[in-house]
Amino acid sequence: MRSIKEKIEELDEIVKAYSEEVEDDTVHLKVSNFLPDEQEIREIIDNLEDGTRYLPLHRGVAVVVECEDAGTGDLDTFLESIKKELIPRLYYLDRDMKRLTRIGLIMLAIGAVIMGVSTFLATMSFTASYLIDQILVITSWVFIWTSVEKIFFERRDVMYHKRLIQRLYFASYCNVA
């Protein structure tokens with residue numbers, strides 16, 4: 001019986017052989033016809049996103065379209081319908097980025113105001129000031145961290161998704177007959 005280490009080494013060899021065969025910048029897409037309806041277009045775009053997700057963003061993508069019923073239309077019509085569906089996705093991703101920025105800045109401002117109030121209360125000398133000060137400090141850090149999360153992490157994910165969609169928009173599409 002082989003050890004786990006030997007199995008992993010064998011798997012690494014298989015992956016290495018695959019990496020030498022695969023075309024990194026090419027995605028193969030099978031469609032039933034060149035005139036898909038809206039639902040089919042959405043599914044096609046989702047498949048393209050999944051197929052290009054792991055490709056480096058700085059490189060372009062080539063999409064090879066294989067159509068089962070080529071008599072239904074042409075590649076240009078197909079490409080136009082794909083690009084037409086990508087535009088609203090880009091629009092909503094832009095809106096998400098603006099929303100996340102706005103929410104992040106509002107949360108940062110609230111956190112800063114609460115921290116200012118906390119600093120002011122720290123100078124006061126009444127019995128509950130220390131307890132209130134500590135509660136306000138914790139609350140301000142929660143607001144500040146939430147703003148950092150929105151601006152730097154969630155926005156980054158949306159920007160990455162937007163760049164994926166932009167790459168699909170500008171991809172090179174060709175037909176395999």
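This is a predicted model: local features need pLDDT of at least 70, side-chain atom pairs count only at pLDDT 80 or more; totals for chains, interfaces and linings use all residues.
Local features need pLDDT of at least 70 and side-chain atom pairs 80 or more, while totals for chains, interfaces and linings use all residues. Residues are numbered from 1 along each chain as its sequence is written, and side-chain values use heavy atoms, without hydrogens and water.

Trainee: How many salt bridges are there?
Mentor: A salt bridge is a side-chain nitrogen of Lys or Arg within 4 Å of a carboxyl oxygen of Asp or Glu. By this rule the count is nine.

Trainee: How far apart in sequence are the parts tied together by Lys-162 and Asp-94?
Mentor: The side chains of Lys-162 and Asp-94 meet in a salt bridge, 2.6 Å from N to O. Lys-162 lies in helix α4 and Asp-94 in helix α3 (residues 75-123), so the pair ties together parts 68 residues apart in sequence. Helices here are DSSP runs (H or I, at least four residues), numbered from the N terminus.

Trainee: Is Lys-162 buried or exposed?
Mentor: Buried means under 20% relative accessible area, exposed over 50%, and partly exposed in between (1.4 Å probe, protein chains only). Lys-162 has 18%, so Lys-162 is buried.

Trainee: Which residues does Ser-140 touch, beyond four places away in sequence?
Mentor: Ser-140 lies in helix α4 (residues 129-169). Ser-140 is buried, at 0% relative accessible area. Contact means heavy atoms within 4.5 Å. Leaving out residues up to four places away in sequence, Ser-140 touches Gly-111, Ile-114 and Met-115.

Trainee: What separates Lys-150 and Glu-154 along helix α4?
Mentor: Lys-150 and Glu-154 form a salt bridge, with the closest N and O atoms 3.4 Å apart. The two are four residues apart in helix α4, so the separation is about one helical turn.
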